[in-house]
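Hi,

Here is the structure I wanted to pass on to you. Have a look at it first, and then read my notes below.

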Amino acid sequence: MTDPHLWLEDVTGDKPLDWVRERNGRTVDTYAADEQFTDLESRIRDVLDTDARIPYVGIRGEWLYNFWRDATHVRGLWRRTTLERYRTDDPEWEVLVDVDALAEAEDENWVWAGANVLRPSQSRALISLSRGGADATVIREFDLDSRTFVTGEDAFELSEAKSSMGWIDADTVYVESDFGPGTLTDSGYPRLAKRWHRGAPLDDAVTVFEGARSDVSVGASYDDTEGFERHFVSRAIDFYHSERYELLPDGALVKIEVPDDASTGVYRNWLTVRPRTDWEVGGTVYPAGSLLITDYDSYMAGARELTAVFTPDAHTSLEQATWTRNHLLLVTLADVHTELFALTPSESGWARTPIAGVPELTTSGVIATDARNSDAFFVNSSGFTTPATLLYGTVGSPLEPIKRAPAFFDATGIAVSQYFATSDDGTAIPYFVVRREDAEGPGPTLLYGYGGFENSMVPAYSGVVGLAWLEPGGTYVVANIRGGGEYGPGWHTQAIREGRPLAYEDFSAVAKDLVARGFTTPELLGAQGGSNGGLLMGVMLTRYPKLFGAIVCQVPLLDMKRYHLLLAGASWMAEYGDPDDPRDWEFLGAYSPYQNTDPAAQYPPVLMTTSTRDDRVHPGHARKMTALLEEQGHEIWYYENIEGGHGGAADNAQAAFKSALTYTFLRRTLTPS
């Protein structure tokens, strides 16, 4: 059957964009044209632009690097400072790149996409810039001493593509890009990794690794840790299976022999392995989600002496593992509550010590270390009602707070509670409820979920959610449904492919539990999700419409018949399945929102948002679903940002508008008049 809305997949065609503008205008005129909206938008913009935010940094030897946006610098500043300056209340920064000035000078809509700094000299950087926030970037070499881009035939520079580039030395890089016909995977990512020498044409770069067209992507990297210099290449077979090799000086590849679904790390003389399924080695079974460690050289020579430094249980999973110079830092989740530990190697094994000084009742994570130089690290801690605190310290000493974010909303009398809903198969599904302690009876409630790609939804402070929803009296709920990583890899793998409906049953179970506990009613319950969470919202709309009074569906996947043909969609087939395989389409087609709408059903009002410049999830999903729902007579409101990439916004002004639109829609739809 021919899709009558296929023409809306033409991203920049005149006819589709006219269709977009017409619906944008209707939505803006309805929800964004009064003083109350303008006031909310302004308050959200103040949160996003304020200079009082914590300027988070990455450590590179003596320098701390930061990217910063505010009301004056809407596109942002890339800058650096020293630790001594950073610890002051008002650090002095050295501005390296002013993206606003660059965009104006070059008449380009540049959005910052990151920088790779040459070490140890830190004299050059490879800077990635995106047009309008797309995943595709240009990469240009930058001189940090002169604060200018390097130009001429000797400069390292790549035109717009989904590329990556990393330093080997000052005159050599590894590069993955679009090298012409046949050099991309079916997912649209690089299939070739090359070594490129300064001054040579890109066409003369030497291929060091070639993946298959069916792979997601390939990559090459150089570890310049003194005394442990190594070259690596890797191929991502799909989203959860990969192969990694050490690249020897003669060009030979030596595979790191671990299960293809395991993640690996190499640091100095250590190899870490985290299997995603149970792994038997020498008669010992290491459960999925364990963290194993061994001597790298011995392992590559054939030894298999593994030490389990973390083993999961029914309530606890590993969220993060990162190195300092002499220690391995772990962040674990116990029923979605974080704990931090330092592991220290010795002749008798690995000693495990809790990290002192972490605030209680917050979610904490390590955000920066400099493993090549020190045991210092930064930790960020926050909670639903607790603004972020940035802590600094070294292993063995208590952390000390050095930066605190301001409160952006009045949290007085707002409490956080955790509950468990029972899903259809009897599984306990945790969720957090944030609401006023003195709230009586059911009230407007917003339920947020994601449930995919092993991403954990942990408590965190959001000034936008606080001022736009909690402060006016709304209840905010985060559901930790399967498909995420809250309980390790198994929590995720239960809900991939044919198991995907488990995530939807979990979310619906939380919605029902909220009503059963008296927090809300279906008429007062809204649901929100984006990307994979947008697919979740599409299923809630088509399969569970009676549970909700409003749905916000953002940058969504919705047409699961064609998702693998659009942009990066092919890279997600390990998560969802292959629609071209009849066996997979049997379970995909059973829930794909675009194929399961019902003209006779009573759907709650929907706000559908996406971005023209999103080159990860195609805006055609949102466009076509909107057109179909309109034809069937359902209430659907649509807004497409002409810029913004997959995040939906290219700068704070766009982000503020999008957020204000969302909460205005929810307030009007869910709040009784």
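**A hairpin and the pocket beside it in these notes**

E28 and E29 make a hairpin, with six residues between the two strands. (Helices, H or I of at least four residues, and strands, E of at least two, are DSSP runs numbered from the N terminus.) Before you go further: this is a predicted model, where local features need pLDDT of at least 70 and side-chain atom pairs count only at pLDDT 80 or more, while totals for chains, interfaces and linings use all residues. Residues are numbered from 1 along each chain as its sequence is written, and side-chain values use heavy atoms, with hydrogens and water left out.

E28 covers residues 363-369, and E29 covers residues 376-382. The two strands run antiparallel and are joined by six bridges; strands pair if DSSP finds at least two bridges between them. One bridge puts alanine 368 together with phenylalanine 378 of E29. E28 is mostly covered, with six of its seven residues buried (buried is under 20% relative accessible area, exposed over 50%, partly exposed in between, with a 1.4 Å probe and protein chains only).

How much space lies in the largest pocket? About 540 Å³. (A pocket is an open set of points on a 1 Å grid over the protein atoms alone, where a 1.4 Å probe fits, with protein on both sides within 12 Å along at least five of seven lines; lining residues have an atom within 4 Å of a point. The volume is the space filled by probe spheres set on the points, which are joined across faces, edges and corners.) Of its 28 lining residues, His337, Pro359, Glu360, Leu361 and Thr362 are the closest to the centre. E28 turns up again here: together with strand E26 (337-346) and strand E32 (414-422), E28 gives two or more residues to the lining. By type, the lining divides into 15 nonpolar, 11 polar and two charged residues (Ala, Val, Leu, Ile, Met, Phe, Trp, Tyr, Cys and Pro count as nonpolar, Asp, Glu, Lys and Arg as charged, and the others, Gly among them, as polar).

Strand E25 (residues 328-334) pairs with E26 over seven bridges, and leucine 329 sits opposite alanine 342 in E26.

In the loop between E25 and E26 is valine 336. Its phi is near 70°, a positive value in a residue other than glycine. Valine 336 is also buried, with a relative accessible area of 0%.

Another open sheet runs E10-E11-E12-E13, four strands with antiparallel pairing. Here the twist averages 25° from one strand to the next. Four bridges join strand E11 (residues 172-176) to strand E12 (residues 192-197), and tyrosine 174 faces arginine 195 in E12.

E5 and E6 pair in the antiparallel sense over six bridges, with tryptophan 112 opposite leucine 129 in E6. The loop between strand E5 (110-117) and strand E6 (124-131) holds proline 120. The peptide bond to proline 120 from arginine 119 is cis, with omega near 10°. Glutamine 122 lies in that loop too, with a positive phi of about 55° although it is not a glycine. Is glutamine 122 buried or exposed? Glutamine 122 is buried, at a relative accessible area of 6%.

Six of the eight residues of E6 are buried, so the rest of the structure largely encloses this strand. E6 also pairs with strand E7 (residues 137-143) over seven antiparallel bridges. Those two strands form a hairpin with five residues between them, and glycine 132 in the turn has a positive phi of about 75°.

**The whole chain**

The chain has 13 helices and 39 strands. Its radius of gyration is 25 Å, close to the 26 Å that the globule rule gives for 673 residues, so the chain is as compact as a globular protein of that length (taken over C-alpha atoms; the rule is 2.2 Å times the number of residues to the power 0.38). Buried residues make up 57% of the 673.

Cheers

Definitions and conventions
Axes fitted to C-alpha atoms, helices over the stretch in contact; angles between N-to-C directions.
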